[in-house]
Amino acid sequence: MSRYEKFILKPDVRKTSEIKYHYDNAPGQRYVFLDSKKCPESSIYTIVRVAKNISPSQDSYIDPHTHTCDSEFLFIGDNDDMTGLTAKVWLGDEEFLVESPAAVFVPKDVKHTLQLIAGSGKFINIVPNPEYNKSLKGK
Ligand SMILES: [Fe+2]
């Protein structure tokens with residue numbers, strides 16, 4: 001019997017709206033790779049959103065919110081050099097156009113949101129709390 005086999009995990013496709021302040025008009029599919037549901041021992045939440053041919057008219061799907069911990073966004077486009085995905089990211093009252101490949105460090109208590117606006121690729125969110133909703137401080 002393997003001791004650590006339970007830590008090798010396949011992702012679940014889950015609704016975006018299972019997390020607070022997030023809505024199901026999000027582009028593409030949300031894959032939950034790691035959270036407390038997938039692995040009760042985990043101290044980390046990780047999702048990958050896969051989205052193709054994002055329309056510039058794509059609506060926002062996340063209300064601005066804050067967490068009680070730092071977190072990270074990764075933007076990885078479908079090209080070999082990871083270009084190919086464009087997003088808008090808001091940190092506090094500042095707006096940024098982010099071209100993949102890119103990481104965004106989101107400090108705790110800083111209000112943030114994002115919108116995928118063009119291209120194809122993967123958006124990754126890593127939060128050092130295994131229950132996303134419990135990491136939320138508010139809007
Ligand atoms: Fe967040």
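Two strands count as paired if DSSP finds at least two bridges between them. The model is predicted.

Q: Which strand is joined to strand 5 by six bridges?
A: Pairing needs at least two bridges between two strands. Strand 5 (residues 71-77) is joined antiparallel to strand 8 (residues 102-106) by five bridges. Six bridges, also in an antiparallel arrangement, join strand 5 to strand 9.

Q: Which residue of strand 9 stands opposite Gly-77?
A: Strand 9 covers residues 112-127 and runs antiparallel to strand 5. In strand 8, Ser-71 has Val-106 as its bridge partner. In strand 9, the residue opposite Gly-77 is Gly-121.

Q: Is Ser-135 buried or exposed?
A: Ser-135 lies in helix 1 (residues 132-135). A residue is buried if 20 or more other C-beta atoms lie within 10 Å of its own. Ser-135 has 20 such atoms within 10 Å, so Ser-135 is buried.

Q: How many Å apart in space are Ser-135 and Cys-69, C-alpha to C-alpha?
A: Beyond four places away in sequence, Ser-135 touches His-67, Thr-68, Cys-69, Val-127 and Asn-129. Ser-135 and Cys-69 are 66 residues apart in sequence, yet their C-alpha to C-alpha distance is 6.6 Å.

Technical notes: Residues numbered from 1 in each chain as written. Predicted model: local features only at pLDDT ≥ 70, side-chain atom pairs only at ≥ 80, totals over all residues. Helix = DSSP H or I, 4+ residues; strand = E, 2+ residues; numbered from the N terminus. Buried ≥ 20, exposed ≤ 12 C-beta atoms within 10 Å, placed from the backbone. Contact = placed C-beta atoms within 7 Å.
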